[in-house]
Amino acid sequence: MLKVGVLGAGHLGKIHLRLLKESKKYELVGFYDPFTENAEKVAKEFGYKLFDSIDDLIDAVEVVDIVTPTLSHFDCAKKAIEKGCHIFVEKPIAKTVLEAEAIKTLASQYHVQGQVGHVERFNPAFIAAKDLIKNPMFIETHRLAEFNPRGTDVPVVLDLMIHDIDIILSVVKSKVKNVHASGISVISETPDIANARIEFENGCVANLTASRISMKNMRKTRFFQKDAYISVNFLSKEAEIVRIQDAPETPDEFAMILQNDEGLKKQIYFESPEVLESNAILNELETFADAIINNTNPIVTLSNGTEALRIAQWVIDCFKKEEDFKI
């Protein structure tokens, strides 16, 4: 079992603490949170060991789980890496791309593993569908949430949209060519609703919408590729596959037959792949333990986290310049 400590005991930090305590791959040593009143309350209520400082916690563990506000990710990661600890850092990896690149460099220099908490990669609906997503040419995402003051320290792009940016980058094997985007602030000091169009060199186009002032919650992505449409509902944890192929002489009763202008018949198949129940956060933490033990690449590497942040920053730059970002 890997000795692990958690930095940050807010809403998500408490979830991480509970799951690490339950995990058979980690030994939860304790946590640190600078907000004394909250930290002492968490320690008393759940029995976790509270450390007096970041340094004391890092000295006692092999793995540091960074669940602090984004602004402090770099400083926490730097301290942990320089003490030889592996790091799991919540998304976004850092405040700036420059900080993210520095974290990558430090991890390489000190020969430690790092994973970024892009948890939707571990969503069971995405896991059920991802192997069927092959060379998508159009992607549409909607990530809408009711207003919650937690997370408003960063724009909605870094709070919500970055999840979808990471998912898209994981399935589109091409470089980003252009980014077009717009966003507005409604309640907070940073944009609360945003739309982005990401164009790739291979011709794929992704249209992303994110809002944290919606009347309802939605986390849905649609992938369109040759002869297939794949829908992943990250919220309800459901996936649907619609395939189109030449119709056989004896049509399947679960299919529809279409005929185009040339008289060619196509058959449409509807499939619902099995979605296995799992806890995405526990899954991402435990696969990171596997990567450390086996010295293999984590599923979401520090490089992956950096690239997601880079594209997110290009989206934000479009807001500031009120023009498209061209590479």
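Which residues is isoleucine 93 in contact with, leaving aside its neighbours within four places in sequence? In this predicted model, they are His73, Ala100, Ile103, Val116, Leu302, Gly305, Thr306 and Leu309, where contact means heavy atoms within 4.5 Å. Because the model is predicted, local features need pLDDT of at least 70 and side-chain atom pairs count only at pLDDT 80 or more, while totals for chains, interfaces and linings use all residues. Residues are numbered from 1 along each chain as its sequence is written, and side-chain values use heavy atoms, with hydrogens and water left out.

The chain contains nine helices and 15 strands; helices (H or I, at least four residues) and strands (E, at least two) are DSSP runs, numbered from the N terminus. Of its 327 residues, 52% are buried, a term that stands for under 20% relative accessible area, with exposed meaning over 50% and partly exposed the range in between (1.4 Å probe, protein chains only). The accessible surface of the chain is about 16,300 Å², and carbon and sulfur atoms account for 50% of it; accessible areas come from the Shrake-Rupley method with a 1.4 Å probe, and for residues only the protein chains shown count as cover. Among contacts between residues at least 6 apart in sequence, 67% join residues at least 24 apart.

The largest nonpolar core has 98 residues. Such a core is a set of buried Ala, Val, Leu, Ile, Met, Phe, Trp, Tyr and Cys residues joined through side-chain atoms within 4.5 Å. The members that touch the most other members are Tyr26, Phe31, Ile93, Ile103, Val157 and Met161. At least three residues of this core come from each of domain 1 (2-112) and domain 2 (124-278 + 312-321), with bounds taken from an automatic or database domain assignment.

On the surface, Phe147, Ile184, Val186, Ile187 and Ile193 form a nonpolar patch with about 430 Å² of accessible area together. Patches are made of residues with over 30% relative accessible area and no salt bridge, with like charges joined within 9 Å and nonpolar side chains (Val, Leu, Ile, Met, Phe, Trp, Tyr) within 5 Å. Valine 186 is placed in the loop between strand 7 (176-184) and strand 8 (193-200). Phenylalanine 147 belongs to the loop between strand 6 (138-144) and helix 7, and its relative accessible area of 37% makes it partly exposed. The C-alpha atoms of phenylalanine 147 and lysine 216 are 9.6 Å apart, although the two residues are 69 apart in sequence.

The whole structure holds 17 salt bridges, each defined as a side-chain nitrogen of Lys or Arg within 4 Å of a carboxyl oxygen of Asp or Glu. Side chains of opposite charge can pair when their charged atoms come close. Lysine 83 is in the loop between helix 4 (73-82) and strand 4, and aspartate 59 is in helix 3 (residues 54-59), 24 residues apart. Lysine 83 is partly exposed at 44% relative accessibility, whereas aspartate 59 is exposed at 54%.

Glutamate 120 and arginine 219 also form a salt bridge (3.2 Å, N to O). Glutamate 120 is in the loop between strand 5 (114-117) and helix 6 (124-129) and arginine 219 is in strand 10 (residues 218-225), so this pair ties together parts that are 99 residues apart in sequence. Glutamate 120 is buried, at 4% relative accessibility, while arginine 219 is partly exposed, at 25%. A further salt bridge connects aspartate 166 and arginine 121 (2.8 Å, N to O), and both residues are buried.

Asparagine 123 is in the loop between strand 5 and helix 6 and is buried at 2% relative accessibility. Not counting residues up to four places away in sequence, asparagine 123 touches Arg219, Phe234, Lys237 and Ala280. Histidine 86, in strand 4 (residues 86-90), is buried at 16% relative accessibility. Serine 211, in strand 9 (residues 205-211), is buried with a relative accessible area of 4%.
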